[in-house]
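Reader: Could you take me through this model and tell me on what grounds each term is applied?

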Amino acid sequence: AALREGYERFDPRAYLQNNYLPPRADFSSEEFVVPWKLRCLAETFASGEIRGRTLIDVGSGPTIYQLLSACDHFEEIVATDYLAVNREELGRWARGEPGTFDWSPFIQHVCKIEGRGEPWQEKERRLRARLRRILPIDVHQPDPLGTPLRPPADALLSAFCLEAVSPDRAAFARALAHVGSLLRPGGHALLLGALGESFYLAGAARLPVVPLAEADVRSALAGAGFALRDFRSYAMPPALRTGVDDVDGVFFAHAQK
Ligand code: SAH
């Protein structure tokens, strides 16, 4: 209930400002957290092994950075969020409406690290074209979309959602199992998330977060029927501890169902 009330005050603009503008979104060096996240995803998709018809992103929020490398490998990207304000923000971006957040520095950076010389506008166009469904979701429900996804997704992505909506580690592990049901057997799951975080701010909202250790992520993945393929972590440098949260670091996990 406390989490639900917190999310009623979630301000997408403030969240974007806190996490997706400098100093965290500074593309001048790979030491900063946003380039680190983008590199994890770019390197993982570069293998060409993770591909298919549909990729579902769980708890997309108002952000699309997490889909930039993914969108080259799937016919359709399904974005999801619990909050209508976030789904509306994503819809406005997908339709190219004016006044939405400027993701162009992220798109340019991803094109650069992917190294294929692709003009960034082409990637932007491709993601917009493939982002056809933006659905409501609640990861605390055994059927997070309300009905099973048919056919199930070929890949699952989730960034900074499960730990940010779960009151404790057991709820985090259950939420992971719930969203795992959206994925076909053999499908790949990519998770990005916060380590050792107890809260974050998004305008007037102060959201509680379950502080996770690396071992919690590994055991939740194993418990939800996933085999771990890659695990990376990033320590938040002092200059990026700006007071918008108390995060210690970030993890990236690639696992297979
Ligand atoms: N993926 C984005 C946003 C993460 S913020 C990023 O990488 O920055 C956490 C998101 O979880 C918010 O967008 C919030 O609306 C969403 N959320 C809140 N409660 C949820 C629930 N019960 N199920 C799924 N998502 C939820």
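Author: Gladly, and contact comes first: two residues are in contact when heavy atoms lie within 4.5 Å. The model is a predicted one, where local features need pLDDT of at least 70 and side-chain atom pairs count only at pLDDT 80 or more, while totals for chains, interfaces and linings use all residues. Residues are numbered from 1 along each chain as its sequence is written, and side-chain values use heavy atoms, leaving out hydrogens and water.

Reader: Which residues does Leu38 touch, not counting residues up to four places away in sequence?

Author: Leu38 touches Phe27, Tyr65, Phe106, His109, Val110 and Ile113 under that rule. Its place is in helix H3; helices (H or I, at least four residues) and strands (E, at least two) are DSSP runs, numbered from the N terminus.

Reader: Why does Leu38 count as buried?

Author: Buried means under 20% relative accessible area, exposed means over 50%, and partly exposed is in between (1.4 Å probe, protein chains only). Leu38 has 2% relative accessibility, so it counts as buried.

Reader: What makes a nonpolar core, and which residues of the largest one touch the most other members?

Author: The term covers a set of buried Ala, Val, Leu, Ile, Met, Phe, Trp, Tyr and Cys residues joined through side-chain atoms within 4.5 Å. The largest nonpolar core has 89 residues, and Tyr7, Tyr20, Leu55, Trp103, Phe106 and Leu162 touch the most other members. Helix H3 (residues 33–46) gives this core its largest share, 8 residues. Leu55, not counting residues up to four places away in sequence, touches Phe45, Leu67, Ala70, Phe74, Glu76, Ile77, Val78, Ala155 and Leu157. As a rule, nonpolar side chains in soluble globular proteins tend to be buried together.

Reader: In what order do the 7 strands of the open sheet run?

Author: The order is S3-S2-S1-S4-S5-S9-S8, with mixed pairing. S3 (131–136) and S8 (227–235) are the edge strands: each has a single partner strand, so one side of each lacks a neighbour in the sheet. From one strand to the next, the twist averages 15 degrees.

Reader: Which strands does helix H8 lie across?

Author: H8 (residues 214–223) lies across S5, S8 and S9, and runs at about 160 degrees to S8. Axes are lines fitted to C-alpha atoms, for helices over the stretch in contact, and angles run from 0 to 180 degrees between N-to-C directions.

Reader: Which residues of helix H6 are buried?

Author: In H6 (residues 120–130), Lys123, Glu124 and Leu127 are buried. Down the axis of H6, the buried residues fall within an arc of 100 degrees, so they line one face of the helix; the arc is that of the directions from the helix axis to the C-beta atoms. Their cover includes strand S2 (74–81), helix H4 (84–94), helix H5 (104–114) and S3.

Reader: What lies 2.9 Å from a polar atom of the side chain of Ser158?

Author: The backbone oxygen of Val58 does. A polar contact is a pair of N or O atoms within 3.5 Å; within protein, one must be able to donate a hydrogen and the other to accept it, and residues adjacent in sequence count only if both atoms are side-chain atoms. At 2.9 Å the pair is within that limit. Ser158 lies in strand S4 (residues 153–159) and, at 2% relative accessibility, counts as buried.

Reader: Which residues of strand S7 form its covered face?

Author: In S7 (residues 205–208), Ala205 and Leu207 form the covered face, and Arg206 and Pro208 the uncovered one. In a regular strand, side chains alternate between the two faces of the sheet. S7 pairs with strand S6 (residues 199–202) in the antiparallel sense over 4 bridges, and S6 and S7 form a hairpin with 2 residues between them. Gly203, in the turn, has a positive phi of about 75 degrees.

Methods:
Pairing = 2+ DSSP bridges.
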